[in-house]
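Colleague: I'm new to this structure and would like to learn how to read it. Could you walk me through it, one feature at a time?

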Amino acid sequence: MESINLPNEEPTRLNLLIGQVIEERYLVKEKIGQGGVGAVYLAEDLKMMKRQVVIKVLLENWLQNADVRRKFEHEKEALARLDHPGIVHILDAGMMADDKPYIVMPFIAGRTLRKYLANAGFLPISFCLDVIKGVTDALAAAHAGGILHRDIKPDNIIITEQPDNSIRVRLIDFGIARVTDSQIAPITEVERSVGTVLYIAPEQLLGSLEQTPAADIYSCGILVYELLTERLPFNPHSVIEMWQMQSDSAIRLPSEIRPELTAVIDSVILKALSFKPEARFQNITDFGSALRQELENLSDKRIPDFEQSMQTFVMTKAAVEVPETESGGLSARSTDENLGTNTAGVQIEQRENSSAGLNRKTDATLPADSVDFQPGDLPIPKETNNYQKTPRRTFIGVGIAGLALVLTAAASLIFVFNQPKVEPSGTETANRQIGKPAN
C-alpha cells in the first residue's frame, strides 16, 4: 500500500488569524498547536470579560474533503451531546468568513498524563486510582450518550492539580469519535483503520463497522497497563506485528513488572485486553469498579511531587496531537527520512510529545501515532483463548516438572544397565544345557 502524501498548510497563512476577531467575539491571541486537519488557537472571549478560550479551526486544505468535514462535525456533535465534568465541553461553534468551520472550547490549564508518565519511577497507586476513576467515569458518560471516543491514550487525558493536593481528570479530543444515531452522517460502510496504533482495539484496527464500547474498554486496558507499569503491553515494529501480538496474547503480566500488583489486577486488565470484544468487560463502569476495588487496598495516599518549574500544558496541546489526516481513516506522513516506512507500508509520524514518553520505557520501534490501513492487509488471526492464556509462570512450572520426570527416568535406566551381571553356578549351567529347571 502506498503511503499518503498530505497537504501542508502554509505556516504564514495559519498565522494570519492572529490578531483577528472571529464573529466579532473571539480575539485570536496566538497559535498553540496544529494537527493533521486542524489548527488550535488561544483566544479571548470579548463578550465574556476576556476569558481565555481555545478555538479549533479546520485547515483550508481539507475544506473540500467531505469525510474530513464530516469527522469535524462529528466532534462538534459529540461535545454538544455530553455534559460531564470529566469531559471538556463545547462553548460555541460556527463558520468563519472563508467557509472554515471552528469549535470553541474552554481553556484549561494542566498537564497531559503523558507528561506524568515521563517522570522516573512508578506513579503512586492513589494517583493511578484517581486517573482510572476520572477516565472511566468520563467514558461511561460518553457511552451512555451513544458516543465512542476511539482514541484513549495518555495524550488525551488532562490532569489539573488542585490546591488541596488532589487532581482533576478530563478526557479530551473527540476528533475521531463515532456518534450513534448521528444527525450529521451515520456510519454505513467499513472504514479505514482509525486510532492510535499502540492503543487501538483489534476491531478498530480492522476498520470494522461493528464497533461497541468494548473498543474503548480495550484501549482503556492498555492505558491502565501503562499507567500502573509505565510499560506498554505490546512493543510492535509494524502495524501487522501489532495485530499479530494482539491475536497471539503476547502480554506480560503487570505484576511481573510491578510486584505489588495482585493477581486480581492482572486478571482484570487481561480481560479488558481480550482479543474478542465479547470476552471483554461490556461496561466501562464494571471495568473501573473492578480495578478500583482492588487498588484501594494498595493505595499509598500520595501524588507525584513534580518540579514547580515544569511548563504548564493546556488541554489543546494534547488535543492537536491528532493524525495528519482523517480522510476516510487516519494516516500520517513521516517528517524524518530516517523513519522510512514500516513493513506494512504505512508511514507514521514520530511526534515529540508521544514518542519521547513511549520510547523511553519500551522497546517499541513503531511510532505511536495514528494509522491509515486497509483491512485486507491484515493476516487472519490465530485461534486464541480470548487472551486468558495460562500465565508464563505456570508454563515454567510445568516445564520444570516435566524436566524432572525425564531426568528421573533417565537416571533409573542408567542404574539398571550399569548393574553387574551374576554368572550362574555350574549346576544351573548344566541344567540349562539339558533343559531342566534350575533348583
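Modeller: Happy to. Keep in mind that this is a predicted model. Let's start with a pair of charged side chains: Lys-76 forms a salt bridge with Glu-73, and their closest N and O atoms are 2.9 Å apart.

Colleague: Where do Lys-76 and Glu-73 lie?

Modeller: Both belong to helix H2, which covers residues 66-81. They are three residues apart, about one turn of the helix.

Colleague: Is Lys-76 buried, exposed or partly exposed?

Modeller: The term buried is kept for values under 20% and exposed for values over 50%. Lys-76 has a relative accessible area of 24%, so it is partly exposed.

Colleague: How many salt bridges are there by this rule?

Modeller: The count comes to 15. Another one of them joins the side chains of Asp-98 and Lys-100, at 3.9 Å from N to O. The cut-off is 4 Å, so this pair still counts.

Colleague: And how accessible are Asp-98 and Lys-100?

Modeller: Asp-98 is partly exposed, with a relative accessible area of 41%. Lys-100 has 8% relative accessibility and therefore counts as buried.

Colleague: Which parts of the chain does the salt bridge of Arg-280 and Glu-203 link?

Modeller: The side chains of Arg-280 and Glu-203 meet at 2.8 Å, N to O. This pair links distant parts of the chain, 77 residues apart. Arg-280 sits in the loop between helix H9 (263-272) and helix H10 (284-295), while Glu-203 is in helix H5 (residues 202-206). Arg-280 and Glu-203 are both buried. Salt bridges can also share partners: Arg-25, Asp-45 and Arg-51 are joined into one network in this way.

Colleague: Let's turn to helices. What describes two packed helices?

Modeller: The angle between their axes and the distance between the axes. Here, helix H4 (residues 125-144) and H10 pack at about 165 degrees, with axes 9 Å apart. Angles over 145 degrees count as roughly antiparallel, so that is how H4 and H10 run relative to each other.

Colleague: Is the crossing of H4 and H10 left-handed or right-handed?

Modeller: H4 and H10 make a left-handed crossing.

Colleague: Which residues make the contact?

Modeller: From H4, they include Ile-125, Leu-129, Ile-132, Lys-133 and Asp-137. From H10, Ile-284, Phe-287, Gly-288, Leu-291 and Arg-292 are among them.

Colleague: How do the residues of this contact divide into nonpolar, polar and charged?

Modeller: Nine residues of the contact between H4 and H10 are nonpolar, four are polar and three are charged.

Terms used:
Residues are numbered from 1 along each chain as its sequence is written. This is a predicted model: local features need pLDDT of at least 70, side-chain atom pairs count only at pLDDT 80 or more; totals for chains, interfaces and linings use all residues. Side-chain values use heavy atoms; hydrogens and water are left out. Helices (H or I, at least four residues) and strands (E, at least two) are DSSP runs, numbered from the N terminus. Buried means under 20% relative accessible area, exposed over 50%, partly exposed in between (1.4 Å probe, protein chains only). Axes are lines fitted to C-alpha atoms, for helices over the stretch in contact, and angles run from 0 to 180 degrees between N-to-C directions. Angles under 35 degrees count as roughly parallel, over 145 as roughly antiparallel, 65 to 115 as roughly perpendicular and the rest as oblique. A crossing is left-handed if the near helix is turned anticlockwise from the far one by less than a right angle, and right-handed if clockwise. Contact means heavy atoms within 4.5 Å. Ala, Val, Leu, Ile, Met, Phe, Trp, Tyr, Cys and Pro count as nonpolar, Asp, Glu, Lys and Arg as charged, and the others, Gly among them, as polar.
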